[in-house]
Structures are given as C-alpha cells and as structure tokens.
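Reader: Hi, I have a structure open and I'm new to this. Can you walk me through it?

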Amino acid sequence: RRRLVRDRVPARLGRGVREAGPSGCPHSGAKTCTISVTQDADAYQLMITDDGNGTTDHAPGNGYSSMNGRMATVGGSVTYTSTPTGGHRITAIAPVS
C-alpha cells in the first residue's frame, strides 16, 4: 500500500502543472510562468510562479480545489500566495514516502 501511494505523488504533481500552468497563468494576465519541481529525501515540491496580477483573495476555484484534493490523497498540501513583485505563486508539497 505504501508503494502505491508514493508512486501516485509524481502523477498528482503533474496534474497540478497541467491545471495551474495553462489555466491559472492566463487568468492572471501573466506574460511568463515559471514551473519548478524538486525532490529531497522527504518531499516533492512543485512551485508555479507567474508575473501576472497577484491577489490578496486566494479563494480557490475548481482547479485549485482539485489540486488540494489530489495532494490530500497523498498526504500533501497546497498553498497560494502573492509574490513580492505582484505575481501569484502556487506551492504543492507531498511526502516522498
């Protein structure tokens, strides 16, 4: 069972990229969107940052709610923040095992 959960994490992160990149970045008016995926001994981290119109209202829509649900199934979490330069940042973190 543990192996099955671990193997689902990269797929969940990939779905996050497909949701947040193409749908989130254009809605924010972004001209650029940077996506990074890292892994250390404990966790995977997906970070999507754009240069669009940041917001102080981080009420998730359908895409963000889906990301939250996917990350929850593998013990992960998602945060939504504005960047210091006014863009938007989505960070998803999920345990390796």
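Reader: In what order do the elements run from the N terminus on?
Author: The order is α-β-β-α-β-β. That gives two helices and four strands in the protein chain. Helices (H or I, at least four residues) and strands (E, at least two) are DSSP runs, numbered from the N terminus.

Reader: And what is this model based on?
Author: This is a predicted model: local features need pLDDT of at least 70, side-chain atom pairs count only at pLDDT 80 or more, and totals for chains, interfaces and linings use all residues. Residues are numbered from 1 along each chain as its sequence is written, and side-chain values use heavy atoms, with hydrogens and water left out.

Reader: What does the protein chain average in pLDDT?
Author: The average is 75, and 69% of the residues score at least 70. pLDDT is the predictor's confidence in each residue, from 0 to 100.

Reader: How many bridges join β3 and β4?
Author: Six, in the antiparallel sense. T79 stands opposite T91 in β4. T81 has R89 in β4 as its bridge partner, and S82 has H88.

Reader: What about the hairpin of β3 and β4?
Author: Five residues lie between the strands, and G86 takes a positive phi near 105°.

Reader: How many bridges does β4 have with β2?
Author: Seven, again antiparallel. M47 has T91 in β4 as its bridge partner.

Reader: OK, the core. How many residues does the largest nonpolar one have?
Author: It has 14 residues, and those with the most contacts inside it are M67, V78, I90 and A92. β2 (43-50), α2 (62-73), β3 (77-82) and β4 (88-95) each supply at least two residues of this core. A nonpolar core is a set of buried Ala, Val, Leu, Ile, Met, Phe, Trp, Tyr and Cys residues joined through side-chain atoms within 4.5 Å.

Reader: Is V78 buried or exposed?
Author: V78 counts as buried because its relative accessibility is 12%. Buried means under 20% relative accessible area, exposed over 50%, partly exposed in between (1.4 Å probe, protein chains only).

Reader: Where is V78, and what does V78 touch?
Author: V78 is in strand β3. Leaving out residues up to four places away in sequence, V78 touches M67, N68, M71, I90, T91 and A92. The C-alpha atoms of V78 and M67 are separated by 7.2 Å, with the two residues 11 apart along the chain.

Reader: Last one. What share of the protein chain is buried?
Author: Buried residues make up 32% of the 97 residues.

Technical notes
Two strands pair if DSSP finds at least two bridges between them. Contact means heavy atoms within 4.5 Å.
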